[in-house]
Amino acid sequence: MTSKQHTCSFAARAESEILPALSSYLLSLISIKQSSLCVSADVHSTSALLRLAEEIGDSICVLKTHADIIDDFSDRTIKGLQEIATRKHFLLFEDRKFGDIG
């Protein structure tokens with residue numbers, strides 16, 4: 001069996017009316033940034049996380065975070081990430097690394 005390849009651009013696919021809004025936005029980011037880079041932020045402090053987001057935000061489409069390993073996670077962490085993600089145009093993805101461990 002052969003896999004079906006997409007023959008239209010990410011920008012064209014982003015315009016599809018059948019896609020959920022989040023999928024469309026991600027495809028638009030990929031097209032604009034000419035990258036599909038997702039970075040996993042395995043850091044242990046809010047300052048390190050915000051510094052990383054600031055440094056790489058222009059080059060990534062998604063920043064994957066791990067709130068449960070941030071020692072000082074708080075509203076400051078969330079608000080800072082949201083501000084940087086909005087300004088630098090990338091998505092935030094929270095990976096509950098230990099969420100399934102009781």
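**Close-up 1. Helices α3 and α4 pack side by side in this predicted model.** Helix α3 covers residues 46-56 and helix α4 covers residues 75-88; they pack at an angle of about 0 degrees, with their axes 10 Å apart. Axes here are lines fitted to C-alpha atoms, for helices over the stretch in contact, and angles run from 0 to 180 degrees between N-to-C directions. α3 and α4 are therefore roughly parallel to each other (angles under 35 degrees count as roughly parallel). Helices are DSSP runs of H or I with at least four residues, strands are runs of E with at least two, and both are numbered from the N terminus.

**Close-up 2. Here are the residues where α3 and α4 meet.** From α3, look for T46, L49, L50, A53 and E54; their counterparts in α4 are R76, T77, G80, L81, I84, R87 and K88. Contact means heavy atoms within 4.5 Å. The residues of this contact divide into 5 nonpolar, 3 polar and 4 charged. In this grouping, Ala, Val, Leu, Ile, Met, Phe, Trp, Tyr, Cys and Pro count as nonpolar, Asp, Glu, Lys and Arg as charged, and the others, Gly among them, as polar.

**Close-up 3. Three strands form an open sheet.** Its order is β1-β2-β3, with parallel pairing; two strands pair if DSSP finds at least two bridges between them. β1 (38-40) and β3 (91-94) stand at the edges, each with a single partner strand, so one side of each is left without a neighbour in the sheet. On average, neighbouring strands of this sheet are turned by 20 degrees against each other, direction ignored. Follow β1 to the parallel strand β2 (residues 62-65) and you will find 3 bridges joining them. V39 stands opposite L63 in β2.

Close-up 4. Buried means under 20% relative accessible area, exposed over 50%, and partly exposed in between (1.4 Å probe, protein chains only).

**Close-up 5. A11 sits in helix α1 (residues 10-14).** A11 counts as partly exposed, at 32% relative accessibility. The C-alpha atoms of A11 and S24 are separated by 8.7 Å, and these residues are 13 residues apart along the chain.

**Notes.** Residues are numbered from 1 along each chain as its sequence is written, and side-chain values use heavy atoms, leaving out hydrogens and water. In this predicted model, local features need pLDDT of at least 70 and side-chain atom pairs count only at pLDDT 80 or more, while totals for chains, interfaces and linings use all residues.

Notes:
Angles under 35 degrees count as roughly parallel, over 145 as roughly antiparallel, 65 to 115 as roughly perpendicular and the rest as oblique.
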